[in-house]
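Please read the sequence alongside the model shown here.

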2 protein chains.
Amino acid sequence: MKSDLPRLMREHDLDALVILGPDGLGAANTAFTYFTGATHVTNGTIVVKQTDSVPYLIHSTMERDEAAKTGMNLVNVADYRMPEIVKQVNGDRLAARVEFTRRLFKDIGVDGRVGFYGLDSVGASFAFLDALSREEFVEVVTEYENDILSEARKTKDADEVALIRQACRLTADVIETTRDFLRAHRVVDETLLKQDGQPLTVGDVKAFIRREEAAAGLEDPGFIFSIGRDAGVPHSSGTPGDLIRLGQTIVYDIFPRLPGSYHADITRTWCLGYAPDEIQAAYELVMQVHDTLAKAFNTERFTHEFQDMACDLFEAHGHKTIRQDLGLTNGYIHSLGHSFGLAVHEAPTMGMRGVRPDERMQVGTVMTNEPGLYYPDKGWGIRVEDDYWCNLAGEFECLTDVDRSLVIPM
Amino acid sequence: MKSDLPRLMREHDLDALVILGPDGLGAANTAFTYFTGATHVTNGTIVVKQTDSVPYLIHSTMERDEAAKTGMNLVNVADYRMPEIVKQVNGDRLAARVEFTRRLFKDIGVDGRVGFYGLDSVGASFAFLDALSREEFVEVVTEYENDILSEARKTKDADEVALIRQACRLTADVIETTRDFLRAHRVVDETLLKQDGQPLTVGDVKAFIRREEAAAGLEDPGFIFSIGRDAGVPHSSGTPGDLIRLGQTIVYDIFPRLPGSYHADITRTWCLGYAPDEIQAAYELVMQVHDTLAKAFNTERFTHEFQDMACDLFEAHGHKTIRQDLGLTNGYIHSLGHSFGLAVHEAPTMGMRGVRPDERMQVGTVMTNEPGLYYPDKGWGIRVEDDYWCNLAGEFECLTDVDRSLVIPM
């Protein structure tokens with residue numbers, strides 16, 4: 001969590017962190033919003049010094065109001081007169097940026113080992129950091145993984161979880177409202193019809209869900225609402241023209257965020273009217289795996305051991321699993337779960353042994369639990385996903401509260 | 001435009017482009033969506049070879065359906081058995097990624113000079129490209145600016161502009177609906193009241209706008225709806241608790257996109273009921289600058305010459321401008337315009353002489369025209385923004401059609 005940063009900076013021997021925040025990335029630049037919060041700062045640079053408790057925000061004049069809301073130490077980039085610097089270095093804008101960085105670091109007292117974070121175009125940022133690393137005034141530090149920010153963000157504090165809880169509550173409301181919306185339709189020949197007599201489509205339902213998210217004040221990064229065969233392909237987002245028919249599985253995986261802030265991540269599988277026996281049995285197995293794993297969650301085992309436990313259970317019931325075949329398309333074909341926060345996928349994950357051999361959950365971990373079974377050729381898929389937090393007492397609390405019934409009576 | 005890529009690759013002597021598409025970046029990774037379109041591929045890698053007309057998409061098994069919709073050559077990353085590669089290099093995941101890249105490039109016939117694009121964490125991507133650049137099988141090319149993709153994206157073809165037009169049309173509808181929504185309120189003591197007698201706030205209007213965007217099928221990356229003093233600070237997004245009062249300027253700057261696709265960018269300034277004389281006069285000047293510049297747009301002059309023309313006009317009427325003082329907060333304090341497309345801000349821009357001394361508009365350029373005046377201490381700001389395209393006949397067409405009246409009668 002954020003309070004770990006001073007310790008992590010000392011351990012990684014970093015004098016400062018620089019978080020780049022180029023224009024237009026919005027909530028995608030989670031390393032940047034980790035510090036600015038939901039404040040609408042659209043671009044800038046953040047500098048965190050080991051010796052100062054409050055970070056610096058280098059911002060534009062146009063955004064001085066939004067910048068002030070962050071409570072950070074403010075530096076207006078206009079004070080550095082970039083056009084003059086560009087002129088001094090004969091129009092070489094890369095050299096100008098290096099020179100600007102030199103002056104900035106001098107003014108706010110940054111030197112030594114500096115780690116670079118945030119999102120940027122890979123070519124442009126490589127060229128910038130490569131040029132900077134040839135300068136004397138700073139030692140550029142980059143980490144391929146397990147960098148300080150990912151490390152800090154592996155655990156969430158109570159303030160962060162309060163926001164995740166709020167996102168989960170609002171998302172649960174959207175899910176319940178979607179169910180009510182479906183139930184309100186009449187059924188002819190096992191097909192849901194709209195008031196005008198036309199069949200209800202996946203596209204219609206998705207438009208309804210988007211409006212409900214907006215009404216709830218949630219930002220929508222996309223969601224999955226797929227039926228039948230599409231439900232059998234985990235990341236198929238659904239075919240707009242598909243009809244909503246009884247007895248088919250609907251996989252509804254929705255992961256919106258509070259504006260510029262924390263996500264929820266919830267999946268429900270529904271059959272309208274009735275569920276065929278095969279699907280009912282498979283659903284009960286998925287829920288058995290789900291409940292068994294939720295009870296098993298602890299901070300002692302490696303995360304891949306939970307994935308192994310899920311594979312054991314599915315294989316014992318005759319299903320193929322991803323640990324037998326990485327390219328599997330029928331059976332249990334993905335990871336058991338992943339952390340999330342400002343991003344939908346964060347570390348740690350609960351995936352295959354060998355990919356992350358040494359990862360454990362710990363106090364503060366937020367984790368999804370989302371076993372599933374997929375048989376696209378038979379025309380169905382099932383996934384049920386809830387979110388858990390290992391609270392400060394070391395107990396795994398469920399953050400999501402949405403009815404788990406497979407069948408929605410029509 | 002995209003059809004320029006083969007020529008640009010030859011000119012930059014690049015054998016291939018690699019566009020990184022890490023998980024979770026969505027529409028923010030515009031270099032990636034430039035190739036995938038609005039298809040919901042959430043992660044992968046794109047390789048564009050100079051010798052092949054169809055790019056390659058390296059995707060996960062879970063996303064095989066979405067990947068297939070792109071029409072690209074498909075490579076399933078599962079075929080490379082990453083956990084086995086990780087094991088072979090003793091758990092070093094950076095080395096494993098380099099080894100995976102070696103095998104991939106061999107299989108799809110990539111060697112020589114390869115440019116790297118797309119968004120990624122700057123630290124991780126630097127470490128990866130740095131490791132890759134020490135290998136024999138590829139020459140890593142990075143460009144700080146004027147890279148191939150930015151260069152191609154400086155101009156838009158008719159297909160892209162059809163999408164921008166559609167976004168502009170839907171956005172215009174949202175703006176008109178917002179005006180109708182405001183007009184439907186009753187006024188007591190110059191303040192708009194809701195049906196329950198409570199005053200209407202900026203927060204209420206913003207919630208309405210978000211619902212309208214969702215209903216129109218537009219994705220909302222945030223927008224500006226600010227009144228009074230906040231309208232005097234160009235990028236203030238507005239204070240939720242502010243009341244909607246007559247005779248105050250409202251700056252309404254809205255730039256949503258078609259889902260995962262192209263943006264619109266439109267600003268209107270409104271005064272409800274009436275406009276004070278000072279504001280009316282300033283508005284007429286802003287519109288005079290707007291119209292003069294729209295007529296002046298051509299592909300011969302440097303873009304900063306249009307900014308100079310706008311500064312000339314404002315200064316002639318006694319306003320200070322940003323070319324006199326980069327940190328200016330009262331007067332004309334920003335650039336005249338910028339291009340946009342998959343991102344809200346793209347090259348070229350029409351900013352200060354000296355920052356981009358050699359940039360011109362050309363056939364295919366999409367450009368905003370958005371002069372404004374800002375006096376936060378007097379409690380007002382004005383900006384009017386429309387979008388133009390230099391069509392294939394070399395004429396500047398206006399893409400936006402929204403009433404420009406300052407005063408909304410109540």
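How many Å separate the centres of domain 1 of chain A and domain 2 of chain A, taken over C-alpha atoms? In this predicted model, the separation of the two centres is 37 Å. Domain 1 of chain A covers residues 2-151, and domain 2 covers residues 158-408. Where the two domains touch, 7 residues come from domain 1 of chain A and 9 residues from domain 2 of chain A. On the domain 1 side, helix H2 (residues 30-36) of chain A gives the most, with 3 residues. That side of domain 1 is made up of 3 nonpolar and 4 polar residues, with no charged ones.

Next comes the relation between the chains. Two copies of a chain are related by a rotation about an axis and a shift along it. Here chain A is superposed on chain B by a rotation of 180° with 0.0 Å of shift along the axis, at an RMSD of 0.0 Å. This is therefore the relation of a two-fold axis. Both copies use the same surface, since 100% of the contact residues of chain A recur in chain B.

One helix pair can be followed across the two chains. Helix H6 (residues 122-132) of chain A packs against helix H6 (residues 122-132) of chain B at an angle of about 80°, and their axes are 9 Å apart. Angles of 65 to 115 degrees count as roughly perpendicular, so H6(A) and H6(B) are roughly perpendicular to each other. H6(A) makes the contact through A:Val122, A:Ser125, A:Phe126 and A:Leu129, and H6(B) through B:Val122, B:Ser125, B:Phe126 and B:Leu129. The residues of this contact comprise 6 nonpolar, 2 polar and no charged.

Terms used:
Residues numbered from 1 in each chain as written. Chains lettered and ligands numbered in written order. Predicted model: local features only at pLDDT ≥ 70, side-chain atom pairs only at ≥ 80, totals over all residues. Axes fitted to C-alpha atoms, helices over the stretch in contact; angles between N-to-C directions. Helix = DSSP H or I, 4+ residues; strand = E, 2+ residues; numbered from the N terminus. Parallel < 35°, antiparallel > 145°, perpendicular 65-115°, else oblique. Nonpolar A, V, L, I, M, F, W, Y, C, P; charged D, E, K, R; others polar. Least-squares fit on C-alpha atoms with pLDDT ≥ 70 in both. Domains from an automatic or database assignment.
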